[in-house]
Amino acid sequence: MKTNDVILQFTAKIVFFIIFLFSIHIFMAGHYTPGGGFVGGLLTASAIVLLILAFDLKTVQTGFNINYRLLVATGLLLAVGTASFPMFVGEPFFTHFYDYFELPFFGNTSLHTAMLFDAGVYLVVVGVTLTIIQSIGEDE
Amino acid sequence: MKETILLLAVALFFVAIALSVYRIVKGPSMPDRAIALDTIAVNLISSIAIVSVLLSTKAFLDAILILGILSFIGTISFSKYIERGVLIERKRND
């Protein structure tokens, strides 16, 4: 029997972008409000899981074409690199820097290197969650 | 006065959640249980909203949105498992 779940697939296509934008918001707002790299990464992973549920594993893999193990390695490298960068300029390990910048669209913005560490956490959480789900879904 | 009304609303939501738990335990078929779980998630979202009014904080609004997203994905995966018997298809065969 040929199954037809057009409502589920159309809903998943729209809701994916809503969840993804909300996860970006949670990740960016983590410095001043609840949220951060871990919750943002889990939300991004759940958005991709929604696409995997609505479509199949092969379609999502050809759509994204990301090796999630490389994503984990990139996140760990970013976190360790951010943490060890101050040792090269004569500061202790894990010293963070911040300054105020005049950005063209956002105005006077405070940029902090803790955000780079958080981006590493985000990539590791996305990679680990999707590696687990993909390797469970692939075996028969 | 306002706090009494809000506490009463939370208590009534707990009653609704307890009735849904009875449906999960007793429910004759699996779709009954899936819908009861979805109802529990909706009632929990409302309870979180009322608690955040009680504590007069805005910190729980993200939790409300995340719980809505997770209950949506959970209900979809439950219903797909009940209907197809498989959650993640490797390749669509049509």
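**View 1. How many residues does the contact take from chain B, and how many from chain A?** Chain B gives 18 residues to this contact, and chain A gives 27. Keep in mind as you look around that this is a predicted model. Put together, chain A and chain B bury about 2000 Å² between them. Carbon and sulfur atoms account for 67% of that buried area. If you're wondering about the unit, the size of an interface is often given as the accessible area lost when the parts come together.

**View 2. Here's a salt bridge between A:Asp5 and B:Arg84.** Across the interface of chain B and chain A, the rule finds one salt bridge. The side chains of A:Asp5 and B:Arg84 meet at 2.7 Å, N to O. Counting over all chains, the structure holds three salt bridges. The pair shown here crosses between chains: A:Asp5 sits in the segment before H1 of chain A, while B:Arg84 belongs to helix H3 (residues 61–84) of chain B.

**View 3. Now for two helices of chain A, H1 and H2, packed together.** H1 covers residues 6–28 and H2 covers residues 37–54. Their axes are 8 Å apart, and the packing angle is about 170 degrees. Angles over 145 degrees count as roughly antiparallel, so H1(A) is roughly antiparallel to H2(A). On the H1(A) side, the residues in contact include A:Leu8, A:Phe16, A:Ile19 and A:Phe27. From H2(A), the partners include A:Gly40, A:Leu43, A:Leu51 and A:Ala54. Which classes of residue make up this contact? By class, there are 16 nonpolar residues, six polar ones and no charged ones.

**View 4. Zoom in on A:Thr129, which is in helix H5 (residues 114–138) of chain A.** Leaving aside neighbours within four places in sequence, A:Thr129 is in contact with A:Leu42 and A:Ala45. Compare that with A:Pro104, which is 25 residues from A:Thr129 along the chain. The C-alpha atoms of A:Thr129 and A:Pro104 are separated by 36 Å.

**View 5. These are the spans of chain A that UniProt annotates.** An unreviewed UniProt entry lists residues 12–32, 38–57, 69–89 and 109–133 of chain A under "transmembrane region". Residues 12–32 are 81% helix and 0% strand, with end C-alpha atoms 31 Å apart. For residues 69–89, the end C-alpha atoms lie 31 Å apart too, and the span is 76% helix. UniProt (unreviewed entry) also lists residues 7–131 of chain A as "domain: Na+/H+ antiporter MnhB subunit-related protein". That stretch is 66% helix and 10% strand, and its end C-alpha atoms are 28 Å apart.

**View 6. Last up, the spans of chain B that UniProt lists as "transmembrane region".** The entry is unreviewed, and it gives residues 6–25, 37–57 and 63–82 of chain B. Residues 6–25 are 100% helix, and their end C-alpha atoms lie 29 Å apart. Residues 37–57 are 86% helix and 0% strand, with 27 Å between the end C-alpha atoms.

Conventions:
Residues are numbered from 1 along each chain as its sequence is written. Chains are lettered from A and ligands numbered from 1 in the order in which they are written. This is a predicted model: local features need pLDDT of at least 70, side-chain atom pairs count only at pLDDT 80 or more; totals for chains, interfaces and linings use all residues. Side-chain values use heavy atoms; hydrogens and water are left out. UniProt positions are given in the numbering used here, feature names are shortened, and annotations may be inferred rather than shown by experiment. Helices (H or I, at least four residues) and strands (E, at least two) are DSSP runs, numbered from the N terminus. Axes are lines fitted to C-alpha atoms, for helices over the stretch in contact, and angles run from 0 to 180 degrees between N-to-C directions. Angles under 35 degrees count as roughly parallel, over 145 as roughly antiparallel, 65 to 115 as roughly perpendicular and the rest as oblique. Contact means heavy atoms within 4.5 Å. Ala, Val, Leu, Ile, Met, Phe, Trp, Tyr, Cys and Pro count as nonpolar, Asp, Glu, Lys and Arg as charged, and the others, Gly among them, as polar. Buried area is the accessible area (1.4 Å probe) that two parts lose on being put together, summed over both. A salt bridge is a side-chain nitrogen of Lys or Arg within 4 Å of a carboxyl oxygen of Asp or Glu.
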